[in-house]
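Look at the fold as a whole before turning to single residues.

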Amino acid sequence: MRQFLKYVLATFVGLIVFSFVGFMLLIGIGSALSSASSDETTVKENSVLKLNLNNPIREIGVENPFSSFGPFNSDGDVIGIIDLKQALANAKLDPNIKGVYLQTEYPQAGWATLEEVRMALLDFKKSKKFVYAYGEVMTEKGYYLASIADNIYVNPAGAVEWNGLDAEYTFFKGTLDKLNIKPVIFRVGEFKSAVEPFLYEKMSEASKLQTASFLNSMNNHFASAIATSRNVSVAALKKEADELSIQTPQDALRAKLVTRVAYYDEVETDMRKKLGIDEKKKIDFVSLGKYGKAKKYVEEGNIKNRIAVIVASGDIVSGKDDNNIASDNITEQLRKARLDDKVKAIVMRINSPGGSALASDVMWREIELAKKAKPVIASMSDYAASGGYYMAMGCNQIVAYPNTITGSIGIFGMLFNTEGFFKEKLGITYDRVLTNAHSDFPTLTREMSPFERDVLQKNVERGYAIFTSKAAQGRKMPVDSLRKLASGRVWTGEQAKANGLVDKLGGLDDAIKLAAQSAKLKEGDYRVRYIPEKKNAIEELLKGFTGGDEETKLSAHVGELAPYIQYLKKLKNMQGVQARLPFEIDIK
């Protein structure tokens with residue numbers, strides 16, 4: 001017994017010591033991270049800003065808390081557009097930065113996000129500093145960024161993708177049929193194709209029509225921008241894509257898509273010559289993460305005059321949610337900006353395929369209130385469609401990229417009759433006692449009556465009438481004219497500008513300048529504040545100890561099935577009437 005107690009006591013003491021050491025280690029790492037984050041990066045003369053863009057690119061970045069710790073260092077950070085733009089703007093003025101080296105093989109971003117990055121790179125080039133791009137392979141998204149470079153290199157054993165854009169939808173009708181689950185759909189508008197994946201096994205004619213329209217608009221912009229950068233004709237580029245004639249690096253060289261077929265060591269040799277350094281000297285590269293802590297050359301404006309950029313990215317949901325556009329979060333941010341006398345104007349940065357119609361309306365109301373106090377400008381990113389457009393239409397003016405996906409003004413409701421599934425597949429049946437004729441309405445475990453279906457359909461139609469009337473009010477056009485552009489139809493930013501759904505084509509900087517002008521602020525006389533701020537290193541460290549983000553965990557456990565599980569989670573979150581894009585658009 002004594003021996004047993006001795007072992008128990010030893011174990012207990014060991015646990016206490018281990019916990020104490022672990023706690024002190026966390027404090028030490030935290031202090032080191034805090035110290036590292038505050039240390040200014042020294043940029044040597046003749047340095048090159050190295051941008052590895054083969055990572056997810058989001059509105060707001062996620063910092064790698066171990067970036068300064070040798071074996072834990074990783075290029076796998078989520079890149080923030082804001083961080084990237086600030087780095088390029090600073091490098092443009094930094095006398096120690098002589099050029100930019102791009103790695104843009106397979107960036108993980110939407111087309112409008114790429115447009116914002118591309119515009120920032122083009123602005124950097126005004127400094128007359130060089131931009132070199134290299135890839136072992138390049139997807140069309142990667143090449144779109146690389147196309148602005150002075151020299152574009154591709155590995156001799158690599159490839160450049162060049163076959164045009166395609167949009168792919170996933171359909172689940174066959175799965176539902178096998179499970180004996182019946183979708184019950186309520187919608188308004190022939191183009192509101194968000195429900196089609198559950199009704200059909202392929203696209204409807206209306207869906208094909210709108211997809212072909214916006215996809216060709218995006219492809220025309222894509223080809224035109226590259227034709228300008230590479231000094232070739234749009235017709236020649238489209239012919240190469242139609243004939244699949246870019247199959248080897250030499251084909252890309254022949255078509256003037258790249259300037260040289262070379263290995264990485266040859267790229268470095270060319271860069272050394274450009275920098276005027278010895279062939280044996282190591283090139284001083286500085287990464288995006290480290291350059292964010294370098295000396296600032298961009299002057300900050302008057303702190304008493306602020307433009308608040310409220311970033312709204314993700315699906316639209318009610319309540320609070322840090323991973324999506326949650327109505328409580330956004331309304332609180334808008335209210336604070338409205339009541340803050342130092343904030344002279346607001347920019348709503350919207351990147352959303354839509355979501356809850358109710359949550360969209362709640363945020364629209366807060367935008368309307370803010371608009372009465374100060375200018376509110378919408379800046380559309382990859383998507384500002386359906387519920388995303390609902391938010392934008394309340395703003396004074398709307399700025400979109402040519403390749404933004406927007407519009408989709410329409411709503412739908414969707415339920416599933418699971419009675420057959422539970423009975424035939426699982427042997428589960430249901431029975432009920434009601435106090436009133438429709439106490440269990442709406443239900444998932446029995447067939448709804450025609451009367452009940454009609455009630456839900458009228459609710460959807462009522463929501464559509466509210467949506468379109470408010471959109472017409474915001475766009476200052478007759479309701480009938482607005483509804484001709486609605487019916488759930490999707491447009492590109494370029495098309496939306498032509499039909500009056502958007503005021504101006506441009507990026508986030510254009511929206512900020514427009515907000516400043518509307519507030520009668522002179523250039524340089526204001527400071528931009530982004531909301532929410534980038535998460536600090538300690539928060540990300542703690543998240544790492546708890547298993548990382550949900551998407552990463554899903555991929556680790558189920559691999560290629562992860563996207564489908566995400567679909568199911570989105571279905572679960574579709575509460576109430578929805579204002580969102582066709583369920584999932586994959587444009588590549």
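The paragraphs that follow start with the whole chain and then take up selected parts.

This is a predicted model, in which local features need pLDDT of at least 70 and side-chain atom pairs count only at pLDDT 80 or more, while totals for chains, interfaces and linings use all residues. Residues are numbered from 1 along each chain as its sequence is written, and side-chain values use heavy atoms, with hydrogens and water left out.

The secondary structure of the protein chain consists of 22 helices and 24 strands. Here helices (H or I, at least four residues) and strands (E, at least two) are DSSP runs, numbered from the N terminus. The chain has 588 residues, and 49% of them are buried. Buried means under 20% relative accessible area, exposed means over 50%, and partly exposed lies in between (1.4 Å probe, protein chains only). The accessible surface of the chain is about 28900 Å², and carbon and sulfur atoms hold 54% of that surface. Such areas come from the Shrake-Rupley method with a 1.4 Å probe; for residues, only the protein chains shown count as cover. A contact means heavy atoms within 4.5 Å. Among contacts in the chain with a separation of 6 or more, 73% are between residues 24 or more positions apart.

H12 has 13 residues and reaches 18 Å from its first C-alpha to its last, close to the 18 Å expected at 1.5 Å a residue. The expected span is 1.5 Å times one less than the number of residues. The buried residues of H12 are Ser-327, Asn-329, Ile-330, Thr-331, Gln-333, Leu-334 and Ala-337. H12 packs with helix H13 (residues 357-373) at an angle of about 5°, and the two axes are 9 Å apart. This makes H12 roughly parallel to H13. Axes are lines fitted to C-alpha atoms, for helices over the stretch in contact, and angles run from 0 to 180 degrees between N-to-C directions. Angles under 35 degrees count as roughly parallel, over 145 as roughly antiparallel, 65 to 115 as roughly perpendicular and the rest as oblique. On the H12 side the meeting residues include Ile-330, Leu-334 and Arg-338, and on the H13 side they include Val-362, Glu-366 and Ala-370.

Next come the charged pairs. Side chains of opposite charge can pair when their charged atoms come close. A salt bridge is a side-chain nitrogen of Lys or Arg within 4 Å of a carboxyl oxygen of Asp or Glu. How many salt bridges does a search of the whole structure find? The search finds 26. One of them joins Glu-332 and Lys-320, at 3.3 Å from N to O. Glu-332 lies in helix H12 (residues 327-339) and Lys-320 in the loop between strand E12 (316-317) and strand E13 (325-326), so the pair ties together parts that are twelve residues apart in sequence. Glu-332 is partly exposed at 32% relative accessible area, whereas Lys-320 is exposed at 60%.

Another salt bridge links Glu-268 with Arg-272, and their closest N and O atoms are 3.7 Å apart. Both residues lie in helix H10 (residues 264-275), four residues apart, about one turn of the helix. An α-helix has 3.6 residues a turn, so residues three or four places apart point the same way. Are Glu-268 and Arg-272 buried or exposed? Both are buried. Elsewhere, Arg-432, Asp-440, Arg-446 and Glu-452 are linked in a network of salt bridges.

The last topic is the backbone. Most residues other than glycine have a negative phi, and most peptide bonds are trans. A cis peptide bond joins Phe-441 and Pro-442, with omega about -10°. Pro-442 sits in the loop between helix H15 (419-426) and H16. Leu-456, in helix H16 (residues 450-475), touches Phe-441 and Pro-442, among others. Leu-456 is buried, at 17% relative accessible area. A further cis peptide bond joins Ile-531 and Pro-532, with omega about 0°.

Leu-244 is not a glycine, but has a positive phi of about 50°. Leu-244 is partly exposed, at 48% relative accessibility. Ser-408 also has a positive phi, near 55°, and is buried with a relative accessible area of 0%.
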